[in-house]
Amino acid sequence: MSLEKELQSRSSVCELCGASEGLKPYEVAPSNGSADQHILVCGTCHEQMEDKDKMNANHWRCLNDSMWSTVPAVQVMAWRMLNRLKAEGWPQDLLDMLYLDEETMAWAQATGEGEEDEDKVKHVDSNGVELQAGDSVVLIKDLKVSGAGFTAKRGTAVRRISLVADDPTHIEGRVEGQQIYILTKYLKKM
């Protein structure tokens, strides 16, 4: 059975607002691609979830009902949307009532949604430019790679970096075929 058919067997309307037109699957990241990690949404909900500039706070008053869904993916998106709209006032009341079990809450927070800017771990290069996963950087200093027996030379490009989730001073990247940790103070974003 296709993903869309599985979702339609679970719901015949948008799982967030209840609209019945223009329904399509929406993947709730991070996901393994299963139907359990998708929701069926209308075009309006999809557009506003993807583009914060098109957000219409009144449209999301529907979350008052959908946040009580028994489907974890719907609960996760309701929590995330309520957090995006927190400045409106009324979403905070709903967030205070919404209960997510530990596993569902971890999924909801996995994308960084709901964290205040000052709480987020930010990786910055030697010039203070914020680094993102997948960026390319250049080494600004020769670095002796302990355990690998080589020195990574200044000017070496490191492509498609990974961020170390709990340590803003380190990134992970591949240099001379070796996956290594590098201090962000020795990097410059390309």
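Biologist: How do α4 and α6 pack, at what angle and how far apart are their axes?

Modeller: In this predicted model, α4 and α6 pack at an angle of about 50 degrees, with their axes 9 Å apart. Axes here are lines fitted to C-alpha atoms, for helices over the stretch in contact, and angles run from 0 to 180 degrees between N-to-C directions. Helices (H or I, at least four residues) and strands (E, at least two) are DSSP runs, numbered from the N terminus.

Biologist: What does that make α4 relative to α6?

Modeller: That makes α4 oblique to α6. Under 35 degrees would count as roughly parallel, over 145 as roughly antiparallel, and 65 to 115 as roughly perpendicular, with the rest oblique.

Biologist: Which residues in α4 and α6 meet?

Modeller: Pro72, Ala73, Gln75, Val76, Trp79 and Arg80 are the ones from α4, and they meet Thr104, Met105, Trp107, Ala108 and Gln109 of α6. Contact means heavy atoms within 4.5 Å.

Biologist: Before I go on, what should I know about the numbering and the model?

Modeller: Residues are numbered from 1 along each chain as its sequence is written, and side-chain values use heavy atoms, with hydrogens and water left out. Local features need pLDDT of at least 70 and side-chain atom pairs count only at pLDDT 80 or more, while totals for chains, interfaces and linings use all residues.

Biologist: Thanks! How many residues does the largest nonpolar core have?

Modeller: It has 34 residues, and Leu16, Ile39 and Trp60 have the most contacts inside it. Such a core is a set of buried Ala, Val, Leu, Ile, Met, Phe, Trp, Tyr and Cys residues joined through side-chain atoms within 4.5 Å. Buried means under 20% relative accessible area, exposed over 50%, and partly exposed in between (1.4 Å probe, protein chains only).

Biologist: Which element gives the largest share of this core?

Modeller: That is α4, with eight residues.

Biologist: New topic: which peptide bond is cis?

Modeller: The one from Ala29 to Pro30 is cis, with omega near -15 degrees. Pro30 sits in the loop between β1 (24-27) and β2.

Biologist: And where is Arg160 found?

Modeller: Arg160 is in the loop between β8 (157-158) and β9 (162-163). Its phi is positive, about 50 degrees, although Arg160 is not a glycine. Most residues other than glycine have a negative phi.

Biologist: Is Arg160 buried or exposed?

Modeller: Arg160 counts as exposed, because its relative accessibility is 68%.
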